[in-house]
Amino acid sequence: MNFHLKTAHGFTTLCALALCLHAPAQSAHAKAEAKPASATGPNGTVADPPNLVAITGGKLLTITHGTIEDGVVVLREGKIVAVGAASSTRVPKGAQVFDAHGMTVYPGLFDAETHLGLTEVEADENSNDLVEKSDEIEPQMRVVDAFHAETVRIPVNRINGVTNAIVAPAAEDSIAGQDALIQLYGRDSDTMIMTPDIALAMNFDGAVRRRGGGTGASKFPSTRMGVASQLRQAFLDTQHYMDEQAAAGKPDHKGEPPKKDLKYEALIPYLKGEKPVVFGAYESNEVEVAMGIAKEFHLKIILNHVSHAQDLLDTIASYHVPVIVGSIYDAPLANERYDAVFSLPAELQKRGVKIALSSISDGPVSDSRNLPYAAGYAVAYGLPYDEALKAITLNPAEMFGVGDKLGSLDVGKIGNVVIANGDPLDVRTSVQQVFIAGVPIPMSNRQTDLRDEYMPLTEKARPQ
Amino acid sequence: MVIPSFLCANRVGRFAVVLAAMAAASGLSLAQSASPTDMVIHNATVMTVTQGTIEHGSVWVHQGKIAGVGATVNAPADAVIVDASGKFLTPGIVDPHSHSALGNDINEATSPVTPSMMMIDAFDNSDAALYQALAGGVTTELLLHGSANMIGGQAVVIKNKFGLSREQMLFPGAPQSIKFASGENPKRVYGSRNELPSTRMGNFEVMRQAFEDAKAYMASWDAYNAKVAKGDKDAIAPKRDLKLEALADVLRGKLLVQIHCYRPDEFLTEEAIAKQYGYKIRAFHHALEMYKVGDQIAPTGTAIATFADWWGFKDEAWDAIPWNAVMSMHEGVRVALKSDSNDYVRRLNQEAGKMVHYGGATEEEALRMITLNPAWIIGVDDRVGSIDVGKDADLVIWNMDPLSTYARAEKVYIDGDLFFDSSLPGFGTTRFHGVMHAAGFSGAEDEDGDGL
């Protein structure tokens with residue numbers, strides 16, 4: 001493996017371990033230099049990670065309790081065990097210390113929708129497990145069954161500070177399957193998948209798959225009416241299945257219980273409101289139809305993909321459901337003002353809506369590493385800075401029911417922490433070190449390896 | 001004429017009220033009537049691209065051209081003053097690779113050699129993508145044929161004067177560019193039909209044969225002209241062939257050759273073919289692996305127009321790294337960033353900002369990648385791309401450092417005329433008042449083969 005601690009030729013991103021690490025706890029630095037090769041374990045993990053880490057001197061963006069200048073964060077056995085000002089927070093003896101003076105320290109970012117592990121090279125069909133295409137209603141499809149923990153895309157994206165993500169099927173079916181929550185570090189899929197089947201991925205929009213073809217086709221469904229009716233029938237059928245099951249459980253029941261049907265089984269927890277349904281709808285009319293269905297079946301909703309709803313803002317606020325906005329980069333409709341979508345996060349947040357952002361967009365590149373810049377763009381168009389940070393940390397964590405574990409620098413949460421040389425939302429900022437579950441992860445990946453392999457060419461060509 | 005003393009930055013406070021009133025008045029008049037003969041954008045952080053950044057600088061615009069740049073300028077007393085205190089001023093952004101405003105007519109994918117296709121024939125000047133780009137500070141665009149064909153069509157260069165006629169949006173005197181392609185796209189398009197080319201071998205043979213045909217065509221004309229020169233009255237002129245004429249123009253060096261190309265082996269092959277047939281390559285587009293051979297391409301003078309951080313969307317983008325632009329620059333290659341997208345064209349300034357992060361470019365180097373260097377690729381660097389005296393007054397006022405995530409273009413001037421002002425109600429356009437045409441799906445012609 002190529003993990004190493006060498007300083008990278010004028011590039012700063014690799015330097016954290018080599019330069020910033022020092023060791024009152026005697027051996028850390030020396031140990032790292034003595035046998036760097038031993039640092040690497042399977043699938044880009046650290047073979048022998050420290051179980052006690054202190055990040056000192058940085059400016060802490062805690063998310064929940066403001067900014068702390070000159071702060072200390074202590075991670076022990078994967079968890080945050082102390083957060084506070086240097087004056088009042090002790091650096092424990094034996095801790096591996098990361099000096100973050102002049103740096104900004106914040107919780108790992110949470111990407112509310114990705115396809116990580118479901119595709120490698122999208123143009124290569126064999127590498128795609130994005131969505132099952134045989135039917136519109138497929139709640140039994142679980143992305144954990146396809147999640148490829150060894151994808152090159154995870155190390156490429158995580159070194160910019162994204163530590164957690166929702167993995168969702170492509171938004172092509174009315175019910176596309178069930179999402180998973182992952183952390184972007186671990187030796188295999190079992191360690192990376194934090195919560196399988198964390199939410200149901202539903203969609204109601206003009207582009208959703210219609211097996212029957214478009215309007216005018218001869219098979220059902222071929223229209224939005226067909227798609228909506230089919231969705232409602234799926235929930236009605238599941239309710240009937242639940243009734244039959246309940247009846248079969250009674251002592252006086254005669255005959256066979258209903259045959260186990262995985263499709264209906266998959267929908268039961270969502271009909272009971274036990275888990276969230278992420279419902280994608282782009283435009284106002286789609287949002288209203290989706291929410292109508294959601295109310296009819298008492299679904300616990302997270303709205304997703306909302307991007308052209310400028311005329312429905314107050315109504316959306318009245319739903320009292322969280323919203324994953326956009327992509328903020330979705331194109332305005334013809335004759336919308338250029339910033340109609342850019343300003344949507346601000347407009348929704350202003351009305352009290354809990355918002356999150358994701359890296360999913362229409363374009364060819366939906367990279368989690370660019371998630372903080374989407375949040376920054378929302379700030380440019382009116383979203384308060386602290387709310388933008390929340391939209392990529394605590395808010396999505398809370399939406400998916402893991403706000404007690406992720407999304408802020410608080411004692412008891414998982415040790416997902418980022419050290420950067422500036423404002424995390426600015427494109428010019430470089431992340432220095434990412435910690436996932438308390439482990440200072442290797443700040444290398446296939447792309448940094450290629451960079452380092454060819455860097456001597458630039459050194460040779462540059463005037464000394 | 002000497003600049004009035006109240007325009008000096010250190011004394012501006014005394015006259016702040018006067019300035020504000022003048023700025024407000026000028027905004028109105030600019031929106032409603034012809035632009036003034038003289039205008040001074042005053043007290044901005046001026047990022048010139050060629051001569052560093054001037055704090056509290058002024059730029060004097062005279063008849064649509066930049067007439068003065070500096071801490072003070074010698075504008076006439078009646079010049080309209082635009083107060084840009086606290087703002088940043090840059091040259092207009094130049095996008096050297098766009099398929100905006102071409103509807104669905106990006107690729108004439110019926111033959112791998114279509115050099116006589118003229119993109120101007122598809123140009124729709126009321127496409128909403130142009131407006132959205134203008135609002136992102138983009139003032140010049142090279143609208144290219146797609147990459148289905150080894151030799152595609154001829155590009156159109158526009159100034160983004162959204163609201164004016166098709167004719168008025170053309171960049172006057174801009175040289176003609178032609179689009180070539182290589183790699184996966186041509187071989188997929190034709191290979192999927194069981195036609196030539198279906199491999200990279202086929203790709204390059206199609207190209208070589210086209211140039212052999214062009215040489216024969218040129219020779220037939222040379223022979224005819226020689227006969228005429230000798231007074232042969234019976235000589236019959238060869239048939240004029242638009243396709244071969246266009247290829248001959250490549251060989252004659254009349255067209256700037258813009259090549260869609262990803263892999264290092266293909267950069268080297270393209271350069272070898274160019275040398276063999278005697279033409280120059282202006283730029284490789286995409287060029288995601290230039291960092292591997294930048295030291296070898298630099299001496300040819302060929303530039304690149306690349307993405308900041310796109311990667312992995314197809315096999316030939318698998319070795320893309322976001323350090324490509326800065327590494328290639330350090331290897332001696334002239335580097336531009338481009339959009340190839342109706343989305344990214346709106347925020348090329350932030351793509352440039354990423355270059356500070358990915359490789360430690362200076363702000364000026366990063367800004368040059370979206371201004372002067374793409375202007376060179378298009379062949380208009382003597383006209384636009386920097387804030388220098390004599391150049392066209394294509395200028396953008398930003399609310400803050402344009403390389404920041406938070407930057408917004410507030411005012412966009414082209415040839416000294418205001419075309420976009422974010423403070424105006426509605427679209428913020430000064431010249432456009434009609435109905436826009438919906439932009440195509442994404443304008444990204446090469447994402448994963450959607451548009452080929």
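Begin in chain A with helices α5 and α7, whose crossing is right-handed (the near helix is turned clockwise from the far one by less than a right angle). This is a predicted model, in which local features need pLDDT of at least 70, side-chain atom pairs count only at pLDDT 80 or more, and totals for chains, interfaces and linings use all residues. Residues are numbered from 1 along each chain as its sequence is written, chains are lettered from A and ligands numbered from 1 in the order in which they are written, and side-chain values use heavy atoms, with hydrogens and water left out.

Select residues 224–248 (α5) and 284–296 (α7) of chain A: the two helices pack at an angle of about 20 degrees, with their axes 11 Å apart. α5(A) and α7(A) are therefore roughly parallel (an angle under 35 degrees).

Next, display the side chains at this contact (heavy atoms within 4.5 Å). Arg224(A), Ala228(A), Leu231(A) and Arg232(A) of α5(A) meet Asn285(A), Glu286(A), Ile293(A) and Glu296(A) of α7(A). By class, three nonpolar, one polar and four charged residues make up the contact.

Now move to chain B and select residues 128–135, helix α2, where eight of eight residues are buried (under 20% relative accessible area, 1.4 Å probe, protein chains only).

Finally, inspect the two ends. At the start of α2(B), a side-chain oxygen of Asp127(B) reaches to within 2.8 Å of the backbone nitrogen of Ala129(B). Just after α2(B), Gly137(B) takes a positive phi of about 90 degrees.

Key. Axes are lines fitted to C-alpha atoms, for helices over the stretch in contact, and angles run from 0 to 180 degrees between N-to-C directions. Helices (H or I, at least four residues) and strands (E, at least two) are DSSP runs, numbered from the N terminus. Angles under 35 degrees count as roughly parallel, over 145 as roughly antiparallel, 65 to 115 as roughly perpendicular and the rest as oblique. Ala, Val, Leu, Ile, Met, Phe, Trp, Tyr, Cys and Pro count as nonpolar, Asp, Glu, Lys and Arg as charged, and the others, Gly among them, as polar. Buried means under 20% relative accessible area, exposed over 50%, partly exposed in between (1.4 Å probe, protein chains only). A polar contact is a pair of N or O atoms within 3.5 Å; within protein, one must be able to donate a hydrogen and the other to accept it, and residues adjacent in sequence count only if both atoms are side-chain atoms.
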